[in-house]
Amino acid sequence: MNLLEKALEGLYRLSEFLAALMGLFILLVILAQVAGRYLGFVVPSALEMAGFATAGLIFLGLAPTLRAGGHIQMRLLLRRLPPKTRRPLETFALGLGFLTTLYASVQTWLRVAESFRYGDLAPGLLPLPLWLPQSFLAVGLSIFALALLEAGLKTWKEGKEKEGKE
């Protein structure tokens, strides 16, 4: 495993850890809400904070889920194709996914910068700066784009190696 692969693995682990922290945060917010109902206090903007954390959990979990093979893929279709057609189609699909995710990532980062520049705040009782939860989405999408690029390059490389052996 070279230095780049180790760095990417560390980045994916960090993303997975942050997604798990988001899940823990959601649990704590919900527990605070339940306890508050019994003890007579209200957790301000609990639903909003849990919603932001859910978005963070989903987007930060995209890359680790891809690496674990948890995303819906075209395996049924790909298995029926001959190997000479399978690799290029899979590489194309991963490349298209990478380009789409890269575009979404750039647009999300632009939205984060805009929210930061204008000082946008969440509309709930807690005036949370919107750039903060938006940045979790941008980070998650950026890491996912890297994971798609890595997967596409590995698939392309494996296809080239198999062509060389034939």
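Leaving aside residues up to four places away in sequence, Thr108 touches Gln134, Leu137, Ala138 and Leu141. Keep in mind as you look around that this is a predicted model. Thr108 sits in helix 5, which covers residues 83-118, and its relative accessibility of 18% makes it count as buried.

Searching the whole structure turns up 1 aromatic pair. Its members are Phe116 and Trp131, with ring centres 5.4 Å apart and planes at 85 degrees, so the pair is edge-to-face. Phe116 belongs to helix 5 and Trp131 to helix 6 (residues 131-165), so the pair links distant parts of the chain, 15 residues apart. Phe116 counts as exposed at 55% relative accessibility, while Trp131, at 31%, counts as partly exposed.

Now for the charged side chains: the structure holds 7 salt bridges. Here are some of them, with the N to O distance for each.

| Salt bridge | N to O distance |
|---|---|
| Arg13 and Glu16 | 4.0 Å |
| Glu114 and Arg111 | 2.9 Å |
| Arg111 and Asp120 | 3.8 Å |

Arg13 and Glu16 share helix 1 (residues 3-39), where they are 3 residues apart, about one turn of the helix. Arg13 is exposed, at 52% relative accessible area, and Glu16 is partly exposed, at 40%. Both residues belong to a salt-bridge network that also links Glu9, Arg67, Glu150 and Lys154.

Back in helix 5, Glu114 and Arg111 are 3 residues apart and therefore separated by about one helical turn. Glu114 is partly exposed, with a relative accessible area of 34%, and Arg111 is partly exposed at 33%. Asp120, a salt-bridge partner of Arg111, is partly exposed at 23%.

Note on methods:
Residues are numbered from 1 along each chain as its sequence is written. This is a predicted model: local features need pLDDT of at least 70, side-chain atom pairs count only at pLDDT 80 or more; totals for chains, interfaces and linings use all residues. Side-chain values use heavy atoms; hydrogens and water are left out. Helices (H or I, at least four residues) and strands (E, at least two) are DSSP runs, numbered from the N terminus. Buried means under 20% relative accessible area, exposed over 50%, partly exposed in between (1.4 Å probe, protein chains only). Contact means heavy atoms within 4.5 Å. Rings of Phe, Tyr and Trp (its six-membered ring) pair if their centres lie within 6.5 Å; planes under 30 degrees apart count as stacked, over 60 as edge-to-face and the rest as tilted.
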